[in-house]
Amino acid sequence: MGYREYLPHPALRTIVECYWSVRGRADSFWTVYPDAAMDILFNFGSFIETRNEAGSELAKNTAFVIGNMFVPIQSRTVGDTDLFGIRFRAAGMARILRIPLHEFNDESLPLESVYKLAPEAEQLQTLSQQERVNFLDRWLLKRISFSSSKPEAWEYCLNNIVERGGNVNVYDLSREVGISQKQMERKFVEKVGPTPKQFAQLLKFRKLRERLEKKDDESLMNVAFDFEFVDHSHLSKFFRKFAGLSPTEFLKR
């Protein structure tokens, strides 16, 4: 089973983090962890995801909006697998959808049910991976409005949270830019999905998980210190909240 990432058109890189694909033939299980991102997923093969202990097979040759996750998803492939996705940066999906993004939290919904001008999976199925990238580049460039205006206060807060990897006090940040917490929260749930605090935690978890995957022999005390946790116990409790297991258990897997 092979996973690959592809860069979007330069004009899209502030909105789209990457395109990605999973392709192969195998019966396998894997865990998808919360990553502070939303995706559009095209399923051309057999793919099953499990949320809250309820399995659901994503229909073949169909596109789905994958909302921000707060818990891991257990996924399974059976036979031929061909997944192709668009991973959006925070608030990037709001450039396409006019629906408050919190409605997609911990949900997978057919793209055609929320966006009538969505490309059909059949249009992409027979294309090569690079042709899929080019096709989706053109589709997004036609439908995204690019703003040259100065970022709003909530966008400044969002960018600050991203730049600091989630290690930020949301209350202090809102005071710094002169926006109330309620205003910022209202904008975040509409344009990002999670609340500012939830988004900061999801992003911090993503950075923490990536750190553990790259340096699996590193002292957890060093990791706790770098991520501003009080101690190892504090780190483990935070990690378990989003991964469903401790850092030690995660590394063993």
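**Note on aromatic pairs, cores and overall form**

1. Ring pairs join Tyr33, Phe205, Phe229, Phe238, Phe239, Phe242 and Phe250 into a cluster. The model is a predicted one.

2. The structure has 14 aromatic pairs in total. One of them is formed by phenylalanine 42 and phenylalanine 44, whose ring centres are 6.4 Å apart and whose planes meet at 5 degrees, so the pair is stacked; planes under 30 degrees apart count as stacked. Both phenylalanine 42 and phenylalanine 44 are buried.

3. Another pair is made by tryptophan 154 and phenylalanine 188. The ring centres of tryptophan 154 and phenylalanine 188 are 6.2 Å apart and the planes are at 75 degrees, so this pair is edge-to-face. Tryptophan 154 belongs to helix α3 (residues 153–163) and phenylalanine 188 to helix α5 (residues 181–191), so the pair ties together parts that are 34 residues apart in sequence. Tryptophan 154 and phenylalanine 188 are both buried.

4. In soluble globular proteins, nonpolar side chains tend to be buried together. The largest nonpolar core here has 34 residues, and Ile161, Phe188, Phe199 and Leu208 are the ones that touch the most other members. Helices α3, α4 (170–177), α5, α6 (196–214), α7 (220–226) and α8 (232–243) each give at least two residues to this core. Helix α6 supplies the largest share, 7 residues.

5. What does isoleucine 161 touch, not counting residues up to four places away in sequence? The list for isoleucine 161 is Gly166, Val168, Leu173, Phe188, Pro196, Phe199, Ala200 and Leu203. Two of the residues named there, Phe188 and Phe199, are also among those that touch the most other members of the largest core.

6. Methionine 184 is a residue of helix α5. Is methionine 184 buried or exposed? Its relative accessibility is 0%, so methionine 184 counts as buried; the cut-off for buried is under 20%. Apart from neighbours within four places in sequence, methionine 184 is in contact with Cys157, Val170, Ser174, Ile179 and Pro196. The C-alpha atoms of methionine 184 and alanine 153 are separated by 8.1 Å, while the two residues are 31 apart along the chain.

7. As for the chain as a whole, the protein chain contains 9 helices and 10 strands. For 253 residues, a compact globule would have a radius of gyration near 18 Å, and the protein chain has 19 Å, which agrees. Along the principal axes, the C-alpha atoms fill a box of roughly 50 × 50 × 30 Å.

8. Buried residues account for 48% of the 253 residues in the protein chain. The accessible surface of the protein chain is about 13400 Å², and carbon and sulfur atoms hold 48% of that surface. Taking contacts in the protein chain between residues at least 6 apart in sequence, 71% join residues at least 24 apart.

Technical notes:
Residues are numbered from 1 along each chain as its sequence is written. This is a predicted model: local features need pLDDT of at least 70, side-chain atom pairs count only at pLDDT 80 or more; totals for chains, interfaces and linings use all residues. Side-chain values use heavy atoms; hydrogens and water are left out. Rings of Phe, Tyr and Trp (its six-membered ring) pair if their centres lie within 6.5 Å; planes under 30 degrees apart count as stacked, over 60 as edge-to-face and the rest as tilted. Buried means under 20% relative accessible area, exposed over 50%, partly exposed in between (1.4 Å probe, protein chains only). Helices (H or I, at least four residues) and strands (E, at least two) are DSSP runs, numbered from the N terminus. The radius of gyration is taken over C-alpha atoms; the globule rule is 2.2 Å times the number of residues to the power 0.38. Contact means heavy atoms within 4.5 Å. Accessible areas come from the Shrake-Rupley method with a 1.4 Å probe; for residues, only the protein chains shown count as cover. A nonpolar core is a set of buried Ala, Val, Leu, Ile, Met, Phe, Trp, Tyr and Cys residues joined through side-chain atoms within 4.5 Å.
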